[in-house]
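Please keep the sequence and the structure in view while reading.

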Amino acid sequence: MEFHGNKLTRLRKALQISGIDVFILPSSDPHLGEYVPGHWRIIEWLTGFTGSSATVVVTNKFAGLWTDSRYYIQAEMQLEGSGFQTIKPGISSWNSYMDYISEEVQEGTKIGFDGRIFSVFDFRELTDKLKGRNVCFDTDCTLIDEMWTGRPPLPGSQAFDHPIDSAGKGRADKISEVRRIMNQQGANFHLLTSPDDIMWLLNIRGNDLKYSPLLLSFALVGNDQILLFADEA
């Protein structure tokens with residue numbers, strides 16, 4: 001079993017090779033959902049912290065983890081000896097990871113993160129905090145993909161129908177209602193990124209997450225067709 005401190009050392013070497021000065025890692029997946037499958041539990045693999053919500057920032061000399069007050073005691077215990085430290089508001093001036101980046105980032109800094117799991121909202125807030133500085137972003141920083149051997153595969157359960165007597169309304173009726181509102185708003189397409197919404201609209205279910213009957217997927221609703229993006233199996 002590889003120690004978490006060794007993973008941090010390897011990550012820093014990979015960042016140095018890639019020219020990344022600051023690496024941001026949120027505890028999310030491409031759907032930005034509350035529950036994340038094992039494939040995307042990167043923070044747990046890297047640090048040992050098993051809480052459901054956190055953000056990690058790594059530089060050549062700093063490795064910090066921000067989480068909420070539910071997990072302070074747990075984080076301190078699980079991060080011991082990992083090379084990562086728990087950052088608590090009040091004790092530190094960095095109430096959020098963005099405060100740290102805004103305070104510490106120098107001119108010419110290159111910030112890297114995996115854009116697949118980083119929200120547009122957070123990116124806009126980060127760029128606003130760094131406005132006027134000579135900072136660049138690598139939004140395709142997927143170094144963990146190369147480092148994590150034995151990584152759990154992406155979920156691939158089979159979809160199945162959710163019967164109308166449980167759904168209350170057929171998918172055709174739901175789709176017609178969505179298209180009616182699209183036409184009112186002059187929208188040609190409606191993009192769905194939340195599996196919960198997709199399951200409701202199409203009256204399907206899956207088993208991609210424990211205790212949640214979801215098929216991890218995306219959907220694009222048009223006036224003539226609906227495209228469902230999911231594992232082909």
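A residue is called buried when its relative accessible area is under 20%, exposed when it is over 50%, and partly exposed in between, using a 1.4 Å probe and protein chains only. By this rule, 42% of the 233 residues of the protein count as buried. The model is predicted: local features need pLDDT of at least 70, side-chain atom pairs count only at pLDDT 80 or more, and totals for chains, interfaces and linings use all residues. Residues are numbered from 1 along each chain as its sequence is written, and side-chain values use heavy atoms, with hydrogens and water left out.

**Overall fold**

- The protein has nine helices and 11 strands, where helices (H or I, at least four residues) and strands (E, at least two) are DSSP runs numbered from the N terminus.
- Along the principal axes, the C-alpha atoms fill a box of roughly 55 × 45 × 35 Å.
- Among contacts (heavy atoms within 4.5 Å) with a separation of 6 or more, 65% join residues 24 or more positions apart.

**Nonpolar cores**

- A nonpolar core is a set of buried Ala, Val, Leu, Ile, Met, Phe, Trp, Tyr and Cys residues joined through side-chain atoms within 4.5 Å.
- The largest such core has 29 residues, of which L11 and V58 touch the most other members.
- Elements that each supply at least two residues of this core include α1 (4-18), β1 (22-26) and α3 (72-79).
- Leaving aside residues up to four places away in sequence, V58 touches L8, L11, R12, L15, D21, V22, F23, A63 and F84.
- A second, separate core of 18 residues includes F62, W66, I87 and F113.

**Helices α4 and α5**

- The contact between these helices brings Y97, M98, D99, I101 and S102 of α4 against D122, E125, L126 and K129 of α5.
- These residues divide into four nonpolar, one polar and four charged; Ala, Val, Leu, Ile, Met, Phe, Trp, Tyr, Cys and Pro count as nonpolar, Asp, Glu, Lys and Arg as charged, and the others, Gly among them, as polar.

**Positive phi angles**

- L32 has a positive phi of about 55 degrees although it is not a glycine; L32 lies in the loop between β1 and α2 and is partly exposed, with a relative accessible area of 45%.
- Y211, also not a glycine, has a positive phi near 65 degrees.
- Y211 is found in the loop between β9 (204-205) and β10 (218-222), and counts as exposed at 82% relative accessibility.
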